[in-house]
Amino acid sequence: MIVTSNIQIQKTTRSRVPEVDFSKLEFGKLSTDHMFIAEYRAGEWQDARIVPFSNLSLSPFALGLHYGQTIFEGMKAFRMADGNISIFRPEKNLERFNISARRMCMAEVPKDLFMDALHQFVALEHEWVPKTEGSSLYLRPFMFASEARLGVKPSDEYYFMIVASPVGPYYSQPVKVKVETDYARAAEGGTGYAKCGGNYGGSLYPAMLARKAGFDQVLWTDAKTHSFIEESGTMNVMFRFGDVVVTPSLSSSILDGVTRDSILTLAEDMGYGVEEREVPVAELEQRLQDGSCKEAFGAGTAALIAPIEYINIHGESYRLNIQQDALMYQIKKRLTDIRMGNTEDIYGWNYLVKL
Ligand code: COI
């Protein structure tokens, strides 16, 4: 074992990198060689280590398996044009990780531990950061309750882990969505703003019904009245109304997306109006009818931007005519250029990983 600061590193004896076809990567299928683990016990984080990727051994009583104390983050490491490796805005993800932890009554992760773990993990796995533009290493920090108890209570023990998966360019085909009015992703006062496993588990059934009805995803609406747009599938959602980029304002039922925030910043700096506000379904319908809704897209780490081509509202389908020079594609290019180091990173978004 090599000891680096407080993180012990045990390297694999045989890397799987030479066996990987980096031109055929399926999202989240392949793990890298290692994983990071720290355990929270007796009120402190301990045994921080990077070890060869393997299965875990857990008590079947582990609280996280029963009552849903599980949270996660998603972020990406890129190989820049000059060969350096950078992680996109990891400190934003750390902030949100701890916001999620507080909501789920879980232990928070100190900044030093999170950043040190991430840095050393990505440095060790640098060979796994794909070399082709548009590809990246998807990083998945997560935490779950590990105390062995069946009583419903906040766990006194947690695992904080980081795993990673190389991913190819995400050529998202324009999607068909339906405004969901039977089911809800999150309710006011619930856990929608936290990145907890349950939000995703609960979305699977309505998403499956939507697929059966011929849609790719749902446009989530508020749980109480189903009359305001909230998110799109597992992503934030944005519209271009005329020359203004409009997205639902943050609330207890909407995730504070890092991609969302980056897009709003870029759109504003490109001279477009930006509005974070309530988006009534009725307004969206009106704008689809009169043509002032020019674009609609999902925004998230995995896809970056997912163009929406069809929106179904109360059974009526509207088509958006997606142009090649659409604003969403211009923003996507600008963001990609910053991440690749082709354009100056005036926002300080790239976190460089020293090897
Ligand atoms: C994202 O869009 O980045 C997400 O959070 C989806 C993820 C669950 C794969």
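**View 1. Two domains make up the protein chain.** The chain splits into domain 1 (2–167) and domain 2 (175–339), with bounds taken from an automatic or database domain assignment. This is a predicted model: local features need pLDDT of at least 70, side-chain atom pairs count only at pLDDT 80 or more, and totals for chains, interfaces and linings use all residues. Residues are numbered from 1 along each chain as its sequence is written, and side-chain values use heavy atoms, with hydrogens and water left out.

**View 2. Domain 1 meets domain 2.** Their C-alpha centres lie 28 Å apart. In domain 1, 22 residues are in contact with 20 residues of domain 2 (contact: heavy atoms within 4.5 Å).

**View 3. Eight residues surround the ligand**. They are Phe 27, Lys 195, Tyr 200, Thr 234, Met 235, Gly 300, Thr 301 and Ala 302 (each has a heavy atom within 4 Å of the ligand). By class, four are nonpolar, three polar and one charged (Lys counts as charged, Gly as polar, Phe as nonpolar).

**View 4. Polar atoms face ligand oxygens**. A side-chain N or O atom of Lys 195 is 2.6 Å from a ligand oxygen (polar contact: a pair of N or O atoms within 3.5 Å). Backbone atoms also take part: a polar one of Ala 302 at 2.9 Å, and an N or O of Thr 301 at 3.0 Å. Taken alone, the ligand exposes 290 Å², and the protein buries 84% of that (Shrake-Rupley method, 1.4 Å probe).

Technical notes. Polar contact = N/O pair within 3.5 Å; in protein donor to acceptor, adjacent residues only side chain to side chain.
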